[in-house]
Every structure is written in structure tokens, then in C-alpha cells.
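Dear colleague,

Please find the structure below, handed over for your records. My notes on it follow.

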Amino acid sequence: MVKGHDVPIKEKNIMFIGFMGVGKTTIGNLVAKKLYRDFIDIDQEIERKHKMPVTEIFKQIGEKAFRQMEKEVITELCQKKLKVISVGGGAFLQEEVREICLSSCIVFYLDLSWGSWKDRISLIVDSRPVLQGKSLEDMEKLFHERKAIYSTHHSKINTDKQEAEEIADYIVDSLKLAWELYE
Ligand SMILES: Nc1ncnc2c1ncn2[C@@H]1O[C@H](COP(=O)(O)OP(=O)(O)OP(=O)(O)O)[C@@H](O)[C@H]1O
Ligand SMILES: O=C(O)C1=C[C@@H](O)[C@@H](O)[C@H](O)C1
Ligand SMILES: [Mg+2]
């Protein structure tokens, strides 16, 4: 049973989705601070629970096992309310995860252009196993293919050429407006 419809909009979890490196963890953290809510990063939660970095989980037990862990952690956390949750870039690959998230959270899709994302590769490549061994062309292909899984969301935010703080402020303002409107 997925909880969600019975939770008032002001108490719903806020969730960030989007491709690796778009800023889900960074912006999620900032939004949580601005709203005085707990922040949960699903990758960090998996690492804490399984006492292993995500890169090691991929290396030692593989992506399939990681996806199962990811689904379990997300399902558990979506039962809560008033949280700010950032999921990993591949979480929405699983239909079951998409359904749970969309019914129990206000889902923000953080979008970034390929041109801007390319400039961030050096910041993230070593810690994202899905990018290991991929050429720039492979990454570009994956970047565009993954757009389909993020197409279900409640709000899309273009983050190009904006500081994380600015994006977080915009999200908080838009949430406050929605809360007033639907009160
Ligand atoms: N708006 C921004 N402008 C510039 N750099 C940013 C911005 N947002 C995040 N970054 C930087 O980009 C990198 C990736 O950000 P972050 O870890 O938040 O991405 P993510 O979406 O959580 O990635 P993943 O899906 O792999 O967990 C970090 O080094 C972060 O400091
Ligand atoms: O996009 C992905 O498939 C991933 C993104 C990261 O956040 C991690 O969840 C993991 O490295 C897989
Ligand atoms: Mg992250």
C-alpha cells in the first residue's frame, strides 16, 4: 500500500530527481535547510545501511543488487512525511520506484543542458560507477536516453547557469506559493 494521498500537501515529502551530477544532493540539502526539514540522500542512506560506498556495491555485488537496495530504501523513506529526499540518477529506471515516489512526494526534476553537464564531468566521474569506462559519446547517449525516465514529475526546473543557492531559493518560493494556493 502506497501512502500519499491522505497526507496534506504541506507535509508531503519533497523529492529531487534527474541525471547524475545535476545537483540533486547539493540542492536537496539546501532546500531542506531553508525549510527546516530533514534531508535524506538515498545514495548516502544506502552506503550507511550497507556500510559500503556505492562504487564498491557496484564492483562487489553489481548493479542489480544495488537497484534492489535502492528500491527498498526509497520505499521505506517514502512512508515518512516532511522529508526532503534526493534519489540517485538511476532510481526512476524502476517503474515501482517511480510510482511510489510520485504518490508520496512532490517530485522536482532538475534539468541541465548537455553543454553545461559536460563541464561537470571531472567533478563526478570517479564516484559514479555508471560513468566508468564510458567515452564522451557514450555519456551523451546515456544523458539523452535517461530523459525518458524523468518525464514523470510534478515540476521541472532548468538549472543552467544558476548557482545552487539561487535554484534552492526558487524552489522554496514556488513551494510556498503552491502551499498557499492549495491550502
Ligand atoms: N548549480 C550548480 N552549479 C554548479 N555546480 C553545481 C551546481 N549544483 C551542483 N553542482 C556541483 O556538481 C557536482 C554534482 O552535484 P551533486 O552531487 O549534487 O549531483 P547529484 O545530482 O546528486 O548526482 P548523483 O545523481 O550522481 O548523486 C558537485 O560537485 C556539486 O558541487
Ligand atoms: O544514474 C545512476 O544510475 C546512478 C547515480 C548515482 O546517484 C548512484 O545512485 C549510482 O552511482 C547510480
Ligand atoms: Mg546525489
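Of the contacts in the protein with a separation of 6 or more, what share comes from residues 24 or more positions apart? The share is 79%, two residues being in contact if their C-beta atoms, placed from the backbone, lie within 7 Å.

This is a predicted model, in which local features need pLDDT of at least 70 and side-chain atom pairs count only at pLDDT 80 or more, while totals for chains, interfaces and linings use all residues. Residues are numbered from 1 along each chain as its sequence is written, and chains are lettered from A and ligands numbered from 1 in the order in which they are written.

The protein has nine helices and five strands, taken as DSSP runs (helices H or I, at least four residues; strands E, at least two) numbered from the N terminus. Buried residues account for 33% of its 183 residues; buried means 20 or more other C-beta atoms within 10 Å of the residue's own, exposed 12 or fewer, and partly exposed in between.

An unreviewed UniProt entry annotates a "binding site" at G21, V22, G23, K24, T25, T26, R128 and Q162. These positions span 142 residues of sequence and are also spread in space, up to 23.1 Å between C-alpha atoms. Such annotations may be inferred rather than shown by experiment.

Among them, G23 lies in the loop between β1 (13–17) and α1 (24–35). G23 counts as buried because it has 21 C-beta neighbours inside 10 Å. T25, in helix α1, has 19 such neighbours and therefore counts as partly exposed. Beyond four places in sequence, G23 touches L110, T159 and A164, whereas T25 is in contact with D41 and S86.

Yours sincerely
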